[in-house]
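Here are a few friendly notes to read alongside the structure. Keep it open and look up each residue as you go.

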Amino acid sequence: EASTWNITPTEFQRSSFPKNWQQRISAIHDGIDTEKAAPDPDVKQLKLPDGTLLRRGDSTVTFVNRSIEPYRGCHSFIRAIPELQRLAPEARIVIVGNTTGVSYGKKCAAGEYKDQFLAEIEGRYDPGRVHFTGSLAYEPFLQLLKLSAAHVYLTYPFVLSWSLLEAMSSGCPVVGSSTAPVQEVIQDGHNGLLVDFFKPDDLAAAVADLLHNRERASELGKAARHTVVKHYSLANCVPRQLSLMELVASRSIGV
């Protein structure tokens, strides 16, 4: 109530405020470094913490959470693994994020969410092709995105993760949840694929389609990068933020 003006990264977050506050909020993203998060045809192989080597051209499926938890759809993704491995047994599934504790929402009542949901699919999947890396430093994280053949991003109606935009900027073909924050960025069939958050089999089918139809995956990845460069790059967002500051400082708005 006391502010002159406000800023939020996405229209979805802006829409969550009362109407009278929305009139004094600009939606401008923080900005993605699209030069660092960029496609690299010469990207080197990456050695995972468990010793597995990932190479360009492999059927690598990536899933990234700050912490492995339901807010970011870990349950839906893990439940999709058996069907995904049936449809694409060659896939290597790489899951990035802390496997203990949570970043958002309540803690798991029975240990850790990773263990709870893996127990649901025990005996129905090949654990040798599912790799939990824990947290990754930024450089190997970006390297992983550049090697990814299909990236999965799921979220409740909540703050949009930078990792989605960094994946898109890296040229990853993305399968996302058809929830409001993701729909603001991804148009189904244009710059990614959208599936029902609660339908793991649909998620598995969409990912397998990207793995087996590399031409379509490439086109979606190119369109994804174009979206981020045009709307979410540092080169686009920083000037807009500076202009907003100047407008507020000069009392051109917020008076």
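1. Helices here are DSSP runs (H or I) of at least four residues, numbered from the N terminus. Please bear in mind that this is a predicted model.

2. Let's start with E83, which sits in helix α3. Its side chain makes a polar contact, at 2.8 Å, with the side chain of R86. Leaving aside residues up to four places away in sequence, E83 touches D201 and A204.

3. Now find the largest nonpolar core, which has 37 residues. Which of its members touch the most other members? They are V61, F77, L203 and V207. Helix α3 (74-87) is one of the elements that each supply at least two residues of this core, and so are β5 (60-67) and α9, among others. The largest share comes from α8, with 7 residues.

4. L203 deserves a look of its own. Not counting residues up to four places away in sequence, L203 touches S76, F77, A80, V152, L154, V175 and V195. There is also a second, separate core of 29 residues, and L46, L54, A167 and V185 are included in that one.

5. Finally, look at how two helices meet. The axes of α6 (residues 162-169) and α9 (residues 214-231) come within 7 Å and cross at roughly 120°. Angles of 65 to 115 degrees count as roughly perpendicular and those over 145 as roughly antiparallel, so α6 is oblique to α9. On the α6 side the contact is made by L165, M168 and S169, and on the α9 side by G221, A224, R225, T227 and V228. Sorted by class, this contact has 4 nonpolar, 3 polar and 1 charged residues.

Key
Residues are numbered from 1 along each chain as its sequence is written. This is a predicted model: local features need pLDDT of at least 70, side-chain atom pairs count only at pLDDT 80 or more; totals for chains, interfaces and linings use all residues. Side-chain values use heavy atoms; hydrogens and water are left out. Axes are lines fitted to C-alpha atoms, for helices over the stretch in contact, and angles run from 0 to 180 degrees between N-to-C directions. Angles under 35 degrees count as roughly parallel, over 145 as roughly antiparallel, 65 to 115 as roughly perpendicular and the rest as oblique. Contact means heavy atoms within 4.5 Å. Ala, Val, Leu, Ile, Met, Phe, Trp, Tyr, Cys and Pro count as nonpolar, Asp, Glu, Lys and Arg as charged, and the others, Gly among them, as polar. A nonpolar core is a set of buried Ala, Val, Leu, Ile, Met, Phe, Trp, Tyr and Cys residues joined through side-chain atoms within 4.5 Å. Buried means under 20% relative accessible area, exposed over 50%, partly exposed in between (1.4 Å probe, protein chains only). A polar contact is a pair of N or O atoms within 3.5 Å; within protein, one must be able to donate a hydrogen and the other to accept it, and residues adjacent in sequence count only if both atoms are side-chain atoms.
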